[in-house]
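The sequence and the structure come first.

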Protein chains: 2
Amino acid sequence: MTEPTTGDAFGEMIRDAYAVHIGAGRRPLAGGRYPRPVIEVIERDDGLINGALAAHYLSEPADWRPFDHRAMTFCRGRVLDVGVGAGRTAIELQRRGIAITGLDTSAGAIEVARKRGLRDTVLNTVDEFSRASVRYDTFLLLGNNLGLIEGRERAPAFLAALARLAAPGARIVAQGTDPYGTTDPVQVAYHEENRARGRFGGQLRIRLRYREVASDWFDYLNCSVDELEELLKGTGWRLKSVDDQDHPYYLAVMELME
Amino acid sequence: MTEPTTGDAFGEMIRDAYAVHIGAGRRPLAGGRYPRPVIEVIERDDGLINGALAAHYLSEPADWRPFDHRAMTFCRGRVLDVGVGAGRTAIELQRRGIAITGLDTSAGAIEVARKRGLRDTVLNTVDEFSRASVRYDTFLLLGNNLGLIEGRERAPAFLAALARLAAPGARIVAQGTDPYGTTDPVQVAYHEENRARGRFGGQLRIRLRYREVASDWFDYLNCSVDELEELLKGTGWRLKSVDDQDHPYYLAVMELME
């Protein structure tokens, strides 16, 4: 088999999902006539593959899960949405008059977020962007984006970049997933193999695939709150509160120590 | 990356899609609580990947495409549904009092078709099954299953197996797709590469993936009616009629020459 082309798979997918959403532009059609839903395909390094409807990246507040609504209430001051995607939550915050900036590494995602009306966007990594002189009061990591912390190797640099961008009293509001409640043998075996390699059990090694394009392989972390606390040690950030009323999903609020 | 396990990916998918459909049994749930649609993932040998909702394998007649309804009217006498899947059309034919047998190579698909009430099922290839002494008046290949003819290498043996199972005056009713109307550069390039290798342009080399399981790689043919006629030469089958009012989809009816 030929390997897929490496590129902005997420952005390609978001562009198509947006075209389907508004019913205009180049859209996936079966036989050139029947609309097809846009599907996100996630491939994991153990050979597991999962598909999901991409439409949720464009969902309206009425269709959000309850923890997304509660996350909004934790936002203070200037907000940086890290991994803004198609702007699902950022656009709602902007609508409410909150000073919101959307950051993403996907050019396609930023393009769609802007088309949808998000005014302040940044196409960059947090590392590069942290050399800018802007400061934020809240870093918002929704849609499971606590996963961007990746694991033991990446967490210190990622959290240091956010600290450089932090105004006094800044907080991180991040939605995570505790993966360890499962009894699915495929998942349990994956957690064990990960630990045997010195990784967190839920430290996913994945890539996105969309049509002929694949992202690079990257780590994405599903971790318990205990594991999150381990990752925060020595970073200057501390866990202030955890909302886990929608377990296994949770909202973690972290603050910079003075 | 670890390669997926080879197995009955189609059957695993159909089992899960059926559990979601009836709302009982082991079902895919996000975070152990939110229902997830079952997605069919098809990987092609050029690196292309496509996801589609598996629910259509269980769709009711009200949701079928028009050509599926017209296909029903071409059935005569005893019918063998080749690649019966979850029994989408076979169960409707049975309901109408038609003598219908469902054949599939997927154990999971046959299991689900039986659970849904299809009484006469065969878990086998057409090649092996053609040594049986039963005879059919109609071979039904819906859901794009004209594709099972694969290409120049496989077509003679496949059509010979159906001929061995044929009662006098038997017909094949097959739904195909003409792939050549596209201007999508990915598809056009694939067609050209295929032809350069002596294959039909639309001779897909694909495998199904579902969770940790992948099917073997197999050929599946999207062909024009002209290409179908080329494949029929010397096989004893001839094209009797083509219904292409839902172009690029078509229904081909083939008959055994006396």
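Which side chains meet in a salt bridge at 2.7 Å, N to O? They are those of B:R211 and A:D184. A salt bridge here is a side-chain nitrogen of Lys or Arg within 4 Å of a carboxyl oxygen of Asp or Glu.

This is a predicted model, in which local features need pLDDT of at least 70 and side-chain atom pairs count only at pLDDT 80 or more, while totals for chains, interfaces and linings use all residues. Residues are numbered from 1 along each chain as its sequence is written, chains are lettered from A and ligands numbered from 1 in the order in which they are written, and side-chain values use heavy atoms, with hydrogens and water left out.

**The interface**

Chain B and chain A bury about 3000 Å² between them, and 54% of this lies on carbon and sulfur atoms. Buried area is the accessible area (1.4 Å probe) that two parts lose on being put together, summed over both. In chain B, the residues that lose the most area to chain A are B:Y34, B:I49 and B:R211, together 21% of what that side buries. The contact (heavy atoms within 4.5 Å) takes 39 residues from chain B and 39 residues from chain A.

Four salt bridges are found across the interface of chain B and chain A. The rule for polar contacts finds 18 residue pairs there, both residues at pLDDT 80 or more. Such a contact is a pair of N or O atoms within 3.5 Å; within protein, one must be able to donate a hydrogen and the other to accept it, and residues adjacent in sequence count only if both atoms are side-chain atoms.

On the side of chain B that touches chain A, β5(B) gives the largest share, five residues. Strands are DSSP runs (E, at least two residues), numbered from the N terminus.

**Aromatic rings**

Over all chains the count comes to 14 aromatic pairs. Rings of Phe, Tyr and Trp (its six-membered ring) pair if their centres lie within 6.5 Å; planes under 30 degrees apart count as stacked, over 60 as edge-to-face and the rest as tilted. Two of the pairs are listed here.

| Pair | Centre to centre | Angle between planes | Class |
|---|---|---|---|
| A:Y136 and A:F139 | 6.3 Å | 65° | edge-to-face |
| A:F218 and A:Y220 | 6.3 Å | 90° | edge-to-face |

Both A:Y136 and A:F139 are buried, that is, under 20% relative accessible area, with exposed over 50% and partly exposed in between (1.4 Å probe, protein chains only). A:F218 is partly exposed at 25% relative accessibility, whereas A:Y220 is buried at 13%. Ring pairs also link A:F129, A:Y136, A:F139 and A:W237 into a cluster.

Definitions and conventions. Helices (H or I, at least four residues) and strands (E, at least two) are DSSP runs, numbered from the N terminus.
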